[in-house]
There are 2 protein chains.
Amino acid sequence: MRIALGQINALVGDLAANAGKMRNAYADALEKNVDLLVFPELALCGYPPEDLLLKNHFLEDNSKTIVKLAADCPQITTIVGFAESYKGGCYNSAAVLKDGCVSDIYRKGKLSNFSVFDEKRYFNAGCKPVVIDVKGFNIAVTICADIWDVEWLGDFLEHTTQLQMILNISASPFYAGKTKKRKQVIKRCAEVFDCAVSYCNMVGGQDELVFDGRSILADSEGSIATIAKAFEEDLLIADFQMDSYGKIQIAGVVPPAGQPETGIEEIYHALVLGTRDYAEKNGFKKLLLGLSGGIDSSLTAAIATAALGAENVIGITMPTKFNSPETISDAGLLAKNLGIEFFTIPIGPMLDPFDKALEQIPGWDNKGIAYENLQARIRGDCLMSLSNQFGSLVLTAGNKSETAVGYATLYGDTAGGFAVIKDVPKTKVYQLAEYINKINNRPVIPIDIIKRPPTAELREGQKDIDSLPDYDLLDKILEGYVEEDKSAQQLIDAGLPKDVVNRVIRMVDRNEYKRRQSPPGIKITPKAFGRDRRLPITNRYSSCDDN
Amino acid sequence: MRIALGQINALVGDLAANAGKMRNAYADALEKNVDLLVFPELALCGYPPEDLLLKNHFLEDNSKTIVKLAADCPQITTIVGFAESYKGGCYNSAAVLKDGCVSDIYRKGKLSNFSVFDEKRYFNAGCKPVVIDVKGFNIAVTICADIWDVEWLGDFLEHTTQLQMILNISASPFYAGKTKKRKQVIKRCAEVFDCAVSYCNMVGGQDELVFDGRSILADSEGSIATIAKAFEEDLLIADFQMDSYGKIQIAGVVPPAGQPETGIEEIYHALVLGTRDYAEKNGFKKLLLGLSGGIDSSLTAAIATAALGAENVIGITMPTKFNSPETISDAGLLAKNLGIEFFTIPIGPMLDPFDKALEQIPGWDNKGIAYENLQARIRGDCLMSLSNQFGSLVLTAGNKSETAVGYATLYGDTAGGFAVIKDVPKTKVYQLAEYINKINNRPVIPIDIIKRPPTAELREGQKDIDSLPDYDLLDKILEGYVEEDKSAQQLIDAGLPKDVVNRVIRMVDRNEYKRRQSPPGIKITPKAFGRDRRLPITNRYSSCDDN
């Protein structure tokens with residue numbers, strides 16, 4: 001029995017284009033004598049479609065398109081995820097296409113409703129297993145979270161016959177290290193049900209999420225027989241055979257795809273894919289960003305260049321009298337290294353008339369934070385003006401550490417459509433910069449930029465360290481408070497300094513309003529800001545230890 | 001049996017302050033010989049606490065505070081909503097405080113997970129009814145949505161004894177017309193269970209939501225015996241008596257509170273309360289906004305003045321050469337009428353150096369949309385600079401019609417902390433302006449402002465009508481498309497013009513990215529932008545009729 005996992009990059013809402021990709025994969029599979037062709041969870045409409053699911057006409061279009069697709073794919077049993085209206089409810093479903101018709105439909109039983117997932121807002125849970133026969137193999141169709149709770153799945157599949165395969169279609173968002181968890185889940189599933197597991201994952205960027213692909217075929221022991229490409233579309237083809245003990249052996253028709261070797265490498269690929277897809281899927285051909293000569297904007301520019309090509313990236317440096325000659329020249333050097341277009345717009349001439357106009361308001365002060373923020377906002381205005389004029393997408397360069405503590409100017413450096421490294425802690429920003437220089441075999445990001453103490457350069461002699469703790473310590477506190485929801489007391493008990501812990505927690509809490517108006521960015525950690533972490537702006541709760 | 005409904009304005013996360021309010025109400029109730037004292041859903045922690053519920057220490061603090069509160073309120077049976085950690089799950093619970101202890105706990109059975117509600121993200125559903133006896137009255141404790149599905153409630157309460165009262169604690173967010181629905185639900189509940197219904201609602205603003213209070217006591221017929229204040233804290237006290245047929249009669253100790261008479265009147269009060277609470281709960285003493293001399297900013301200024309008082313509102317007009325002398329003088333006249341502080345900052349001196357600096361970029365054009373947006377952004381910079389300098393909250397003035405079609409400049413007129421009339425369609429903006437003039441017995445908002453054709457004044461002779469359909473038609477289309485999730489075809493079938501419908505739908509879809517970065521504002525319709533309507537930015541689905 002020959003299987004093909006069609007790891008496609010679906011575009012949310014573009015049913016016709018997604019179906020077109022599946023038709024192409026079908027044509028390819030047909031040539032290669034495939035018996036069972038599989039596409040990811042909600043492959044037809046993309047994941048997550050969010051409130052599109054509340055539109056009746058959207059669900060009707062899903063059903064119409066799936067029927068047409070079935071008619072176009074008559075010669076291979078094909079599994080396609082789609083959004084289904086059924087008996088007055090909405091379901092996250094897998095259609096089984098056979099002989100030109102929809103021969104069966106499996107409806108997801110375990111709905112995901114945590115982290116970035118809101119499936120209970122939309123879907124009813126299915127309650128009936130679907131087992132199909134393909135060339136004598138009994139195959140249970142499951143969707144994503146169904147296999148993550150193996151006890152539940154055991155009960156759910158209790159009355160089915162002995163299976164040869166559990167087929168799982170997924171749209172499993174990436175975070176660093178997640179593939180290890182997936183492999184554990186798949187192994188456990190194979191062991192418990194004593195059968196092969198075929199896991200077909202989505203690939204591509206969708207707003208804050210990146211789906212990393214890496215679809216997997218595992219044998220009855222739960223050993224990974226083959227794996228699809230990471231962060232790319234793929235059609236993973238393999239042959240299944242049953243030995244005399246009923247065990248399933250799997251032979252890939254090509255060797256397993258190469259995989260990222262380190263956490264930093266996979267984060268890099270996620271950022272590139274997420275940026276490329278956000279731009280392309282939203283119709284942007286050019287990327288635009290401010291280059292300060294600092295590490296964050298340099299990293300963002302390098303990722304932008306990898307995403308859309310140097311010819312489609314424009315860097316603008318916008319110095320004031322507070323910028324050192326070194327940072328200005330480093331910004332230019334970076335642009336030259338990357339081969340991107342580069343302009344210099346000194347903002348002093350805009351800053352002065354603001355200052356003069358605001359002087360008439362009693363109490364205005366051109367030495368304080370308001371004046372610092374004004375500089376960042378003038379830069380935001382320049383970038384947005386160019387974006388409006390030329391239709392380019394402005395990328396912002398704030399990292400997760402800054403975003404957490406609000407070390408950013410709202411409508412200033414947060415002004416833009418996409419926040420590439422929003423979920424990358426500062427400590428990992430450095431590692432990514434080093435990684436980029438390594439794969440390029442030269443310091444594309446100048447060493448001086450990596451070595452220089454971080455500074456916003458909004459006043460004379462300013463350094464990040466004046467306002468923030470050392471980034472190693474800051475990132476440790478943020479990991480505990482933001483990603484693990486620990487209290488100050490728990491962090492202090494773990495050995496972190498009390499005064500810094502309390503200070504950082506207060507900064508994080510106080511800056512929810514800024515994050516709420518910041519652009520979306522790519523999730524690469526288990527808990528990102530955005531739909532993954534939903535806190536009220538109006539909120540007087542304190543996780544601090546105030547004793 | 002004497003009951004008191006403690007309709008308090010809880011602050012999310014401020015457990016100590018919320019418990020303090022309940023202690024004060026208890027002291028008041030004690031003086032008035034109350035037998036049963038009731039507080040709203042999640043009154044202890046405020047509603048909705050969102051991801052605070054994922055923090056173990058937050059749940060622990062809830063439990064600790066409820067135990068202390070019980071000890072402080074020993075003489076009256078008291079019902080308090082709180083967030084409870086129980087057997088490894090989290091529950092939306094009502095504690096029954098009696099004799100200084102928590103004597104029983106009811107756990108919400110019907111979790112709300114639609115519109116602005118995400119309760120299934122956090123809570124497990126309870127499965128056990130709680131019926132308490134207060135002076136011989138059998139009282140079933142329920143929470144919010146429990147009574148909205150009376151068939152479910154019938155099954156849930158099937159094995160309980162004959163009830164004399166269904167007690168419902170709620171945090172039911174306002175939209176115009178909702179109180180009518182609530183009264184229907186309460187009436188049906190009274191009829192089905194043949195008993196009185198006591199409905200205690202939250203009051204106050206919380207980010208996008210306003211809770212309108214209006215707690216209700218209804219007799220066995222479902223007739224409203226008395227009702228608490230709208231949009232204010234209240235302690236609604238009444239006496240319950242059972243007649244010889246077992247029917248419950250209710251006598252309020254004071255006459256029912258006066259209620260808003262029209263939809264516009266209730267919307268006005270919701271906007272004032274929502275603005276006041278957002279400011280005060282977030283620690284702002286002053287409100288700041290741009291005054292264009294147009295109807296939207298004028299209405300917003302009038303609401304701001306009603307919310308925090310004229311002495312705490314500052315209006316800034318920021319004209320260019322495109323502003324007519326009439327709008328400039330009307331802005332000043334409005335400020336004078338309201339009695340607020342007023343400054344004029346002409347922005348031409350800032351605009352010119354931007355233009356000059358951007359000229360070096362080949363293709364820059366100072367006649368197009370980019371140049372129009374730049375003017376709005378310079379105004380945003382001025383307001384945000386003053387906000388940063390003086391700690392005042394910037395209010396934005398975009399209405400729902402503009403917000404829907406993206407007729408606004410991101411980081412320009414959308415720059416600010418709170419979008420007061422974000423959910424008010426333009427047609428209702430006019431009605432609110434007329435209403436304000438009526439209650440003030442004079443044209444506080446100058447008639448010229450109301451009469452003048454709307455214009456953004458970002459280029460010579462510009463009128464809204466150049467870019468947008470007539471607002472009557474636009475609002476009809478938006479109501480169908482945004483609030484009712486209808487397709488273009490459905491709207492066209494209902495008699496709306498096809499070309500305009502398709503054009504408007506495309507504008508709405510295309511501008512999701514702007515709304516995502518806009519400030520929160522007050523929900524006053526059944527479906528507001530924000531947590532109420534969650535669409536992907538990256539989205540190629542079209543609800544248009546393209547044939």
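## Aromatic pairs

Over all chains, this predicted model holds 23 aromatic pairs, a pair being two rings of Phe, Tyr or Trp (its six-membered ring) whose centres lie within 6.5 Å, with planes under 30 degrees apart counted as stacked, over 60 as edge-to-face and the rest as tilted. B:Tyr86 and B:Tyr91 form an edge-to-face pair, 5.8 Å centre to centre with 70° between the planes. B:Tyr86 is partly exposed at 29% relative accessibility, whereas B:Tyr91 is buried at 12% (buried is under 20% relative accessible area, exposed over 50%, partly exposed in between, with a 1.4 Å probe and protein chains only). In chain A, ring pairs join A:Tyr47, A:Phe114, A:Phe117 and A:Phe211 into a cluster.

## Charges over rings

The charged end of B:Arg107 sits over the ring of B:Tyr91, 5.7 Å from its centre, where sitting over a ring requires NZ of Lys or CZ of Arg within 6 Å of the ring centre and within 35 degrees of the ring normal. The charged end of A:Arg515 likewise sits over the ring of A:Phe529, 4.6 Å from its centre.

## Basis of the values

Residues are numbered from 1 along each chain as its sequence is written, and chains are lettered from A and ligands numbered from 1 in the order in which they are written. Local features need pLDDT of at least 70 and side-chain atom pairs count only at pLDDT 80 or more, while totals for chains, interfaces and linings use all residues, and side-chain values use heavy atoms, leaving out hydrogens and water.
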